[in-house]
Amino acid sequence: MNKQTSSWFNVENVPQNYIFPEEDRPGSLPIPVCDAIPVIDLGKSPTEEIMKACREFRLFHVTEHGVPEAVISDTMRVVKDFFELPEDEIAKISSEGGCVYTSSNCFAKDGAHLWRDCLKHPCHPLEQCIPYWPQRPTEYRDALAKYVGEIRKLSLKILELISKGLGLEAGYLGALSEVQILTANNYPACPDPTLTLGLLRHCDPSLITILYQGDIRGLQIVKDGQWIGVEALPNAFVVILGNQLEIISNGKLKSTEHRAVTNPNETRRSIATLINPSPNCIVKPADVLVNDLSPSLYEPTLYKDFVLRSKGFGAFTKSIQSYIKSET
Ligand code: OGA
Ligand code: NI
């Protein structure tokens with residue numbers, strides 16, 4: 001058998017310490033995917049469509065996004081190769097660099113572990129961040145450098161459309177998007193997905209998150225108090241609204257509550273790129289969105305303090321800290 005025989009996920013039944021309390025479990029699966037979630041053609045400068053999707057679903061798919069398919073497939077391949085390295089090698093690579101590897105053992109809620117391991121590292125500005133990245137697989141840095149450069153361009157395009165849609169200057173949100181943190185998620189096949197979770201319910205601490213999830217379903221969002229499934233469209237990205245955008249928009253847009261569920265058949269991998277303000281940015285509602293009729297709903301907060309104060313963002317906080325370290 002191959003080297004993964006002894007891995008934590010190679011089991012016939014879900015071990016007790018991966019079973020979530022009833023109230024956190026996903027219930028019966030699979031949850032059908034929601035066809036109504038907009039798929040937006042970015043070739044058409046679709047400001048109105050994006051704003052409608054942001055208001056109704058707090059999330060949308062984008063196509064015609066300009067990221068070459070080869071860049072995406074090379075990235076997914078090196079990410080797969082990374083997670084298929086022996087666990088001790090992954091631990092060694094991560095400790096040598098400045099990236100944060102979280103094994104399925106690291107995080108637990110009420111004694112239950114996530115059915116996931118993940119790798120996080122800062123990825124913009126590139127020259128500053130690349131020394132912190134894994135050097136194995138050998139193509140990791142080259143493939144990811146191309147990917148995050150493309151995601152940077154894509155995120156600026158989307159932030160420009162949202163800025164315009166909110167009535168802000170075109171470059172308003174882009175100017176605030178100084179830091180990018182990449183998370184590569186690995187969710188192995190699970191013998192009973194109804195007992196486990198890949199990721200607990202959360203909102204991202206970003207302005208927006210650009211997620212690539214290949215063609216394997218697993219992402220769910222809350223819509224009108226219900227969990228709904230998000231389709232996995234190959235070569236399309238999912239845009240998730242983060243809580244910094246909620247603050248800047250003075251609550252006109254809300255952050256997306258989401259989670260990831262597992263499946264019994266195959267390993268799912270996703271790459272979430274969180275587009276964030278810089279740690280020392282004071283995030284507050286945009287002046288033009290605050291007036292007598294629409295008073296400010298959020299206190300100005302140093303982004304660093306927001307992240308440190310939030311629960312459940314341990315690895316994200318470490319990535320931000322390694323970003324701060326790389327600046328000095
Ligand atoms: C995340 C996230 C969802 C997914 O990494 O913050 O929400 O489908 N990922 O992997
Ligand atoms: Ni998320």
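Which element gives the most to the shell around ligand 1? It is β14, with three residues. This is a predicted model, in which local features need pLDDT of at least 70 and side-chain atom pairs count only at pLDDT 80 or more, while totals for chains, interfaces and linings use all residues; side-chain values use heavy atoms, with hydrogens and water left out. Residues are numbered from 1 along each chain as its sequence is written, and chains are lettered from A and ligands numbered from 1 in the order in which they are written. Helices (H or I, at least four residues) and strands (E, at least two) are DSSP runs, numbered from the N terminus.

**Ligand 1**

- The residues around ligand 1 are N185, Y187, L199, H202, D204, L211, L219, H258, R268, S270 and A272; a residue is near a molecule or strand if one of its heavy atoms lies within 4 Å of it.
- By class, five residues of this shell are nonpolar, four are polar and two are charged. Ala, Val, Leu, Ile, Met, Phe, Trp, Tyr, Cys and Pro count as nonpolar, Asp, Glu, Lys and Arg as charged, and the others, Gly among them, as polar.
- A polar contact is a pair of N or O atoms within 3.5 Å; within protein, one must be able to donate a hydrogen and the other to accept it, and residues adjacent in sequence count only if both atoms are side-chain atoms.
- The side chain of D204 has an N or O atom 3.3 Å from an oxygen atom of ligand 1.
- For H258, a polar side-chain atom lies 2.9 Å from an oxygen atom of ligand 1.
- For S270, a polar side-chain atom lies 2.6 Å from an oxygen atom of ligand 1.
- Ligand 1 taken alone exposes 290 Å², and the protein buries 96% of that. Accessible areas come from the Shrake-Rupley method with a 1.4 Å probe; for residues, only the protein chains shown count as cover.
- Two or more residues of the shell come from each of β7 (179-187), β8 (199-202) and β14 (268-276).

**Aromatic pairs**

- Rings of Phe, Tyr and Trp (its six-membered ring) pair if their centres lie within 6.5 Å; planes under 30 degrees apart count as stacked, over 60 as edge-to-face and the rest as tilted.
- The count by this rule is ten aromatic pairs.
- One of them joins F82 and Y101 edge-to-face, at 6.4 Å centre to centre and with 65 degrees between the planes.
- F82 lies in helix α2 (residues 69-83) and Y101 in strand β3 (residues 100-102), so this pair ties together parts that are 19 residues apart in sequence.
- F82 and Y101 are both buried. Buried means under 20% relative accessible area, exposed over 50%, and partly exposed in between (1.4 Å probe, protein chains only).
- The ring centres of Y147 and F237 are 6.4 Å apart and the planes stand at 45 degrees, so the pair is tilted.
- Y147 lies in helix α5 (residues 140-166) and F237 in strand β12 (residues 237-241), so the pair ties together parts that are 90 residues apart in sequence.
- Y147 and F237 are both buried.
- A cluster linked by ring pairs contains F82, F83, Y101, W133 and Y140.

**Charges over rings**

- A charge sits over a ring if NZ of Lys or CZ of Arg is within 6 Å of the ring centre and within 35 degrees of the ring normal.
- K223 lies over the face of F57, 4.9 Å from the ring centre.
- R259 lies over the face of W227, 3.9 Å from the ring centre.

**Backbone features**

- The peptide bond between L29 and P30 is cis, with omega about -5 degrees, and P30 sits in the segment before β1.
- A cis peptide bond also runs from H124 to P125, with omega near -5 degrees; P125 is in the loop between β6 (117-124) and α4 (126-129).
- R58 is not a glycine, yet has a positive phi of about 60 degrees. R58 lies in the loop between α1 (47-56) and β2 (59-63) and, at 32% relative accessibility, counts as partly exposed.
- E64, a residue other than glycine, has a positive phi near 50 degrees. E64 is in the loop between β2 and α2 and counts as exposed at 54% relative accessibility.

**Two further residues**

- A36 is in the segment before β1 (39-41) and counts as exposed, at 51% relative accessibility.
- S294 is in the loop between β15 (282-283) and β16 (301-302) and is buried, with a relative accessible area of 17%.
- A polar atom of the S294 side chain lies 3.3 Å from the backbone oxygen of L289.
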